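Let's walk through this model together, starting from the overall fold and ending at a single side chain.

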Amino acid sequence: MSKAQSGWRSPWVIGFIVMGIIFVGANINMIYLAGKNAPSLVSENYYERGQDYEKNMLKRLAKNPGWHIQLVPPTAVILDQPAIFALTLEDKHGKFVDPSSVVLRAYRPTDASADFFVPMVKLSAGNYQAEMVFPLKGKWDLLASVIEDDHEFNVSQRISVKAP
């Protein structure tokens, strides 16, 4: 009987029990934090948007004029400092295109409330520019939208905003 009781006093048994308690406690803590700090990136009408996605993609592919859109970010993007982004737009024959409007959108993957957009200014045919100031450091997704005759063509890019 004394041997059965001495097994529970073994440092190995006590260590496994303590590790199990730590594991369960850490998982409970992560579940609590995940529920408390939701990222708020869920769309209100996600089901309707999902149903509409394939139909819209097929329409866009059918109307794609074969343009080459290139978004050029600055070498470094610094928090709370203006950054100038350039966009060039050519058709499939290499000629510059002059669309109705060009908009540059910035999406924050972790905080939808920080998203913003700016219209791009035409410098010359096929060359556009926008100045943006980012309020938060970290990763941002950029989406340049070229709008021509009720059709929208996009190019995206991920950038990193650094602290000064």
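Among contacts in the protein between residues at least 6 apart in sequence, what percentage join residues at least 24 apart? The share is 60%. Keep in mind that this is a predicted model.

Now for the layout. The protein has 3 helices and 9 strands, and from the N terminus the order of elements is α-α-α-β-β-β-β-β-β-β-β-β. The radius of gyration is 26 Å, well over the 15 Å that the globule rule gives for 164 residues, so the protein is more spread out than a compact globule. Along its principal axes, the C-alpha trace spans about 90 × 45 × 30 Å.

What about cover and surface? Buried residues account for 21% of the 164 residues. The protein exposes about 11,900 Å², with carbon and sulfur atoms supplying 60% of that area.

H2 covers residues 11-36, and its 26 residues reach 37 Å from the first C-alpha to the last, close to the 38 Å expected at 1.5 Å a residue. H2 is hardly covered: the count of buried residues in this helix is 0.

For a contrasting view, move to strand E8 (residues 138-148), where you will find Ser145. Ser145 is buried, with a relative accessible area of 0%; the cut-off for buried is under 20%. Which residues are in contact with Ser145, leaving aside its neighbours within four places in sequence? They are Ser101, Val102, Val103, Arg105, Glu152, Phe153 and Asn154. With Arg105, the side chain of Ser145 also forms a polar contact of 2.7 Å.

Notes:
Residues numbered from 1 in each chain as written. Predicted model: local features only at pLDDT ≥ 70, side-chain atom pairs only at ≥ 80, totals over all residues. Heavy atoms only, no water. Helix = DSSP H or I, 4+ residues; strand = E, 2+ residues; numbered from the N terminus. Buried < 20%, exposed > 50% of the residue type's maximum accessible area, 1.4 Å probe, protein only. Polar contact = N/O pair within 3.5 Å; in protein donor to acceptor, adjacent residues only side chain to side chain. Contact = heavy atoms within 4.5 Å. Expected span 1.5 Å × (residues − 1). Rg over C-alpha atoms; globule rule 2.2 N^0.38 Å. Areas by Shrake-Rupley, 256 points an atom, 1.4 Å probe, with all protein chains shown as cover.
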